[in-house]
Amino acid sequence: TVRRFSKAERFNGYRDIFTFEEQGLKYLAFGKAALEAGQTYRADTEQCEAVIVLLKGKATVSTGGKTWNGLGGRRTVFEGKATAVYVPCQSSFVIEAETELEVGICKAKAEKRFEPFVVYPEEVVVHRRGKETWKREVHDIIADNADGRVHRIVLGETFNEPGSWSSYPPHKHDGEHAPEEPDLEEIYYYQVDPEQGFGVQLHYTKDGEIDDAYIVRQGDSFAIDKGYHPVAAAGGYRVYYLWFMAGPTGRTLKPYDDPDHRWLTR
């Protein structure tokens, strides 16, 4: 069976959460680094472009002969917008923790090599989407602003209000209804405020092959190869997720809404 859901674990250093080999994803992989002040992590991107998203703390990041000091600074993901570093394929990078540090390392298969760059908090594009009980805030980090600067990856952060839904009305982007529906894999990484809370990740296909629900807690992750995937936050708790996508159809995001629930957008 395909392993789509990964529960959080405490660790120091770097850990792969989803790899190409085990998950069945063709385009995406995800890992996380947790470092104490003064610790470093170095790696090669090989056949992937990577985006280093600073979840917590400050770091110095070096790649391609460039070094950026004092990046980040959020104490939690709920305190302000993200800082992220784009690292092209066939490159190496070094992350040095200036404080206690947590970063998500989001990888997408890539053949074209671009220049590394930083997305600063003031460059993050904020969208307020939905209405009623499906209001949420979506932060585009590597989206339209990165056209011509990256190969495949699209990345951002979503913040659900307590008791509210996102990826709602339920949508998908697995190419079933091509050409109007893109074919994009996606990975979610969650956090919760306050962190003892929870949310629910639904996952289904219309033919019933997939019909699942997962309890989402602080630090869990989810890989979406196909199907509809709405998220709900429990009452009293905000749910955050880092999301990123890539696939064979380019970087245009035109999700396909579940026809049964389209009336909600009227």
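**Entry 1: terms and model**

I began with the elements: helices (H or I, at least four residues) and strands (E, at least two) are DSSP runs, numbered from the N terminus. I keep in mind that this is a predicted model, in which local features need pLDDT of at least 70 and side-chain atom pairs count only at pLDDT 80 or more, while totals for chains, interfaces and linings use all residues. Residues are numbered from 1 along each chain as its sequence is written, and side-chain values use heavy atoms, with hydrogens and water left out.

**Entry 2: threonine 63 and its strand**

I looked up threonine 63 and found its place in strand β6. Its relative accessible area is 4%, so threonine 63 is buried, a label that stands for under 20% relative accessible area, with exposed meaning over 50% and partly exposed in between (1.4 Å probe, protein chains only). For contacts I take heavy atoms within 4.5 Å; leaving out residues up to four places away in sequence, threonine 63 touches Trp68, Val87, Ser91, Ser92, Phe93 and Pro116.

I then followed the pairing of β6, where two strands pair if DSSP finds at least two bridges between them. Strand β6 (residues 58-63) runs antiparallel to β7 and is joined to it by 5 bridges, and serine 62 has threonine 67 of β7 as its bridge partner.

**Entry 3: the open sheet**

I traced the sheet that holds these two strands: 4 strands, in the order β4-β9-β6-β7, form an open sheet with antiparallel pairing. The edges are β4 (40-44) and β7 (66-72), each with a single partner strand, so one side of each has no neighbour in the sheet. On average, neighbouring strands here are turned by 15° against each other, direction ignored; the axes behind such angles are lines fitted to C-alpha atoms, for helices over the stretch in contact, and angles run from 0 to 180 degrees between N-to-C directions.

I next asked how β13 is placed. Of the 7 residues of strand β13 (residues 136-142), 6 are buried, so the strand is largely enclosed by the rest of the structure. Strand β12 (residues 125-129) pairs with β13 in the antiparallel sense over 5 bridges, and histidine 127 has valine 138 in β13 as its bridge partner. The two strands form a hairpin with 6 residues between them, and glycine 130 in the turn has a positive phi of about 80°. β13 also pairs with strand β14 (residues 154-160), again antiparallel, over 6 bridges; there the bridge partner of isoleucine 142 is leucine 155 in β14.

**Entry 4: nonpolar cores**

I searched for nonpolar cores, meaning sets of buried Ala, Val, Leu, Ile, Met, Phe, Trp, Tyr and Cys residues joined through side-chain atoms within 4.5 Å. The largest has 33 residues, of which Val53, Ile142, Ile153 and Leu155 touch the most other members. Strand β22 (residues 238-246) gives the most to this core, with 4 residues. Beyond four places in sequence, leucine 155 touches residues including Val51, Val53, Cys106, Ile142, Leu242 and Phe244. Apart from this core lies another, of 20 residues, among them Ala59, Trp68, Val87 and Val103.

**Entry 5: rings**

I listed 17 aromatic pairs in the structure, where rings of Phe, Tyr and Trp (its six-membered ring) pair if their centres lie within 6.5 Å, with planes under 30 degrees apart counted as stacked, over 60 as edge-to-face and the rest as tilted. Phenylalanine 78 and tyrosine 240 form an edge-to-face pair at 6.1 Å centre to centre, with 65° between the planes. Because phenylalanine 78 lies in the loop between β7 and β8 (84-87) and tyrosine 240 in strand β22, this pair ties together parts that are 162 residues apart in sequence. Both partners count as buried, phenylalanine 78 at 14% relative accessible area and tyrosine 240 at 0%.

The rings of tyrosine 86 and phenylalanine 117 have centres 5.2 Å apart and planes at 20°, so I record the pair as stacked. I also looked for a charge over a ring (NZ of Lys or CZ of Arg within 6 Å of the ring centre and within 35 degrees of the ring normal). The charged end of arginine 149 sits over the ring of phenylalanine 117, 3.8 Å from its centre, and arginine 262 lies over the face of tyrosine 256, at 4.9 Å from the ring centre.
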